[in-house]
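Please consult the sequence and the structure shown here while reading.

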Amino acid sequence: MAAESLQKIGLYFDDLNKIRVLDPEACQKTTALKEECREYESKISEFQKVVDGFLQIAESLSAEVEKEKLKAIGSRNLLKSITKQREAQQQQLQALIIEKKLQLERLKVQHESLKKEEMEQNELIEQFLLQK
């Protein structure tokens with residue numbers, strides 16, 4: 001009966017017969033909740049470590065991808081540059097071919113003209129020799 005009167009004013013006896021202000025059942029639930037909170041905090045901490053590791057790996061991969069992307073862009077630009085150089089070189093060579101063909105035509109015309117002049121001079125020499 002004394003225990004019941006004490007419970008009415010908010011005092012309780014625990015298993016060791018110590019006076020408590022808190023209900024033993026509430027105390028057990030509080031202790032259990034405290035333990036669950038520690039476990040939850042431990043799991044959250046472990047999860048945070050996993051997330052940090054994942055983020056670190058993701059950043060590392062991101063940096064590697066960016067590096068490879070820049071390499072690919074550089075290679076593509078180099079390829080375009082080489083292609084343009086080849087096109088320019090081809091145009092120069094085609095211009096040189098045209099120039100050489102024109103020079104060949106001029107030389108052919110000059111050669112024909114010189115052959116004609118040589119023939120005329122040879123005829124003149126023959127006529128001169130025949131007249132003597």
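The sections below describe the overall architecture, the surface and the salt bridges.

## Architecture

The model is predicted. The protein contains two helices and two strands, and their order along the sequence is α-β-β-α. Helix α2 covers residues 24-131.

## Surface and burial

Of the 132 residues in the protein, 2% are buried. The accessible surface amounts to about 12,800 Å². Carbon and sulfur atoms account for 58% of that surface.

## Salt bridges

Side chains of opposite charge can pair when their charged atoms come close. Two salt bridges are present in the structure.

One of them joins the side chains of R38 and E35, with an N to O distance of 3.8 Å. Both residues belong to helix α2, where R38 and E35 are three residues apart, about one turn of the helix. R38 has a relative accessible area of 48% and is partly exposed; E35, at 38%, is also partly exposed.

E68 is partly exposed, with a relative accessibility of 39%.

Notes
Residues numbered from 1 in each chain as written. Predicted model: local features only at pLDDT ≥ 70, side-chain atom pairs only at ≥ 80, totals over all residues. Heavy atoms only, no water. Salt bridge = Lys/Arg side-chain N within 4 Å of Asp/Glu carboxyl O. Helix = DSSP H or I, 4+ residues; strand = E, 2+ residues; numbered from the N terminus. Buried < 20%, exposed > 50% of the residue type's maximum accessible area, 1.4 Å probe, protein only. Areas by Shrake-Rupley, 256 points an atom, 1.4 Å probe, with all protein chains shown as cover.
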